[in-house]
Amino acid sequence: MSAHEQFADDLAMLATGALQGDERVAIEKHLEGCSSCRRELDEMRGDTALLALSAAGPAPPARSRERLLKAIAKEPRASKSPAPARRRSWTLVPWFAAAVFALAAVFFFRESDRLSRRVAELQSESSQQRLQLERARECAASPRGLSSSCAQMGYLALG
Amino acid sequence: MEKVRGTLSSMPTAQRSALEMAYFEGLTHTEIAAKTGEPLGTIKTRIRAGLMALRKAFEA
């Protein structure tokens, strides 16, 4: 604490700005020649500054809130124009997803079409082969050189 | 900020209001004394004690 205890109250009031008049003049005169009191005053100013951090001070005038709200209400266009821009980029997402799904649908439809045609092709191929196999068996079971079709079949089967 | 508020709210009411009148309302010690109807010496002591309480809270 201050070496000059008798000035401590005045220093505290000087720091908070409560000291006026003769007393203020007197303490300021003392401070000119007293470094320990100057140091103490600096510290007290630091303590006083802490007060500013508290919101315990007077509440802002009610009109300031009103004014702020009015100012906000006055700018509907300024606030409207940037909002759609931001919204647009968001609304693009479902459209993009829809486009992707549509492309995928077209691709899978074509693919399934292609595959079912391939299946049909393979089925007809296999039934043809089954037919040829049956004929070949018939020819093999029957006496030789019975018909030219058998010879042809045999040739086909061998080939 | 919370700490300042906590310190202020734990202070005696008279001490806190003296501090606030001086700092936020810009009243002089004689004006505060006139407003509260208390002796000047009491106001002086309160302001100083209030500042010391703040300092102590932030030293700890």
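1. Basis. The model is predicted: local features need pLDDT of at least 70, side-chain atom pairs count only at pLDDT 80 or more, and totals for chains, interfaces and linings use all residues. Residues are numbered from 1 along each chain as its sequence is written, and chains are lettered from A and ligands numbered from 1 in the order in which they are written.

2. Chain A overall. Chain A has seven helices and zero strands. Helices here are DSSP runs of H or I with at least four residues, strands runs of E with at least two, both numbered from the N terminus. Of the 159 residues in chain A, 14% are buried. Buried means 20 or more other C-beta atoms within 10 Å of a residue's own; exposed means 12 or fewer; partly exposed lies in between; C-beta atoms are placed from the backbone. Take the contacts in chain A between residues at least 6 apart in sequence: 46% join residues at least 24 apart. A contact is a pair of C-beta atoms, placed from the backbone, within 7 Å.

3. Helix 3 of chain A, geometry. This helix covers residues 35-53. Its 19 residues should span 27 Å at 1.5 Å a residue, and the end C-alpha atoms are 28 Å apart, which agrees. The expected span is 1.5 Å times one less than the number of residues.

4. C37(A), E40(A), L41(A), M44(A), D47(A), T48(A) and L51(A) are buried. The face turned away carries exposed S35(A), R39(A), D42(A), A49(A) and A52(A). The buried residues pack against helix 1 (8-16) and helix 2 (21-32) of chain A, and against helix 2 (13-23) and helix 4 (40-59) of chain B.

5. Interface. 20 residues of chain A are in contact with 22 residues of chain B. Helix 1 and helix 3 of chain A each give two or more residues to chain A's side.

6. Core. The largest nonpolar core has 25 residues; L11(A), A12(A), A22(B) and I47(B) touch the most other members. Such a core is a set of buried Ala, Val, Leu, Ile, Met, Phe, Trp, Tyr and Cys residues joined through C-beta atoms within 7 Å. Helix 1 of chain A gives the most, with six residues. Leaving aside neighbours within four places in sequence, the contacts of I47(B) include A12(A), M13(A), A18(B) and A22(B).

Note on methods. Two residues are in contact if their C-beta atoms, placed from the backbone, lie within 7 Å.
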